[in-house]
Amino acid sequence: MGSYVLVATLEVNGKTLKAKSTFKINPVEAPPTVTARDYTGVYDGQPHSITVTAPAGTNVTYSTDGINYSAANPAYTNAGTYTIHYDVDGTKGTAAVRITPRTVSIRWSEETAFRYTGEPQAPTAEAEGLLPGDTCEVEVSGAQTEPGDYTAEAVRLSNPNYRLPTSGTTQEFRIIRASTSAPSTPSYPIIVRDEAPEGGLVRASRDWSHRGATITVTAEPLEGFRLEQVTAVTRDGKSLRLTEKEGSGCKYTFTMPADKVFVEAVFSREETASTAGTGGEDAPAEPEIHAVSESPAVPEGTALTCPGVTACPIWPYFDANPSAWYHDGVHYCLETGLMTGYDDATFRPRDTVSRAEALVMLWRLRGSPAADSAPAFMDVSEAAWYAGAVRWAASESIVLGTGTGRFAPGEMLTHRQLNTILQRCAQSMGLEPPALMGEDPAALVSRAQAAVALADFAQNTLK
């Protein structure tokens, strides 16, 4: 900057000519100092923009396309990368808003074992760690139709503001087909009728065993008692040979047959001076011999009249005990056709119950009523063996599905779910709902437990 003189000299024919000119370089106004800061962060549900800093009095405008500018600074809430153009009195530039998806965790359903239905089945999954008010469905791949062991995988989230974690996205599951033939090496139950009879303790070395195995029965008398008799009989009343183990005094063995076995021991009191007879020598006490009971232990107050072990509907199933706690419930369900056993002569009282199976039992209890229309579940085929039961239960608001348009027929039933469907069934009939059962609500329901619950519901709530 400054004033300058420019001189030009020209010599022509011995003469010198000069010319000069003055000029200036004037200062110009410097452009404003402008800074722009990007925004980078994780999705938090809040709107975010770039930050432009310029001298006071300047005019700042913004554009999303670099053509159309306005005073409004664009703000973005959802995950993504957004470029924003700015103009500060002719000084232009760009900055970005970068919002990365929030990572969630995957919570798999508790049901990982499904009974074969012919329909595609897999565990369900939920996204955990969502912001309040947000929803996000988890897409699971790997559904299967045939029995076997499989792996399901969470592959996609419905909400782009969230992303899958790096672990916990897979879940092992199994589809089980009910056996239609006896296993190649079947096992049979060994049932001790009373493990603590008066005067002693009784136990068997195994609860289940295969044919030909050596089973040890221990019958230990308490102080003041002696062992009078140990018996092992099959369900048709055949006595098994018991051999005392040498030197044991209270251990006996038998060879396991291809049948269930009932074990029982009888103890009697030792002779004492107070119980000795009058006269010279003590008269030997008459042994207290208990015959093996032919009637199951039926709880007091039962509404059933069981004709006895061999005529009890439980008796044909070699893995079910007519004297067990579940007798009344299973007896009722077998006798009324609510439940059946399997072709391999098993009832499988400890097996779990699927949601579809539970509804079919309840449906049969109500007389298998038809439903003209009911909410459709995308995972219930019209041709499925349980479709009628599901239609009826949905029309009566006994079942509402999982909340995603599915019923999940193959998922195993929990005690919470069983309580819910029984209470809703009673309410749909204008009856007083039954009391809640005391088991762990999240625990799975066994076939024996389902039978007891249905029998109680029929005899007390629907009476």
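Mentor: A helix here is a DSSP run of H or I with at least four residues, and helices are numbered from the N terminus. The model is predicted. By that numbering, Ser397 lies in the loop between α3 and α4.

Trainee: What makes the phi of Ser397 worth a remark?

Mentor: Most residues other than glycine have a negative phi. Ser397 is not a glycine, yet its phi is positive, at about 60°.

Trainee: Why is Ser397 called partly exposed?

Mentor: Buried means under 20% relative accessible area and exposed means over 50%. Ser397 has 42% relative accessibility, so it counts as partly exposed.

Trainee: Which loop holds Ser368, and what is said of its phi?

Mentor: Ser368 sits in the loop between α2 and α3 (387-395). Its phi is near 55°, again a positive value in a residue other than glycine. Ser368 is partly exposed because its relative accessible area of 35% falls between the two cut-offs.

Trainee: How do you know that Cys250 is buried?

Mentor: The relative accessible area of Cys250 is 15%, and the limit for buried is under 20%, so Cys250 is buried.

Trainee: What makes β6 and strand β7 (residues 80-88) a pair?

Mentor: Pairing takes at least two bridges. β6 and β7 have 4 bridges, so they pair, and they run antiparallel. Thr61 has Asp87 of β7 as its bridge partner.

Trainee: How does the span of helix α5 (residues 447-461) compare with the expected one?

Mentor: From first C-alpha to last, the 15 residues of α5 reach 20 Å, close to the expected 21 Å. The buried residues of α5 include Ala450, Leu454 and Phe457. Among the elements covering the buried residues of α5 are α1 (327-336), α2 (355-365) and α4 (415-428).

Trainee: What lines the largest cavity?

Mentor: Its lining includes Ala358, Met361, Leu418, Ile421, Ala450 and Leu454. The elements giving two or more residues to this lining are α2, α4 and α5. The cavity holds about 50 Å³ of space, and the count of cavities of 30 Å³ or more is 1.

Terms used. Residues numbered from 1 in each chain as written. Predicted model: local features only at pLDDT ≥ 70, side-chain atom pairs only at ≥ 80, totals over all residues. Heavy atoms only, no water. Buried < 20%, exposed > 50% of the residue type's maximum accessible area, 1.4 Å probe, protein only. Expected span 1.5 Å × (residues − 1). Contact = heavy atoms within 4.5 Å. 1 Å grid on protein atoms, 1.4 Å probe; cavity = no way out; pocket = protein on both sides within 12 Å on 5 of 7 lines; lining within 4 Å. Points joined across faces, edges and corners; volume = space filled by probe spheres on them.
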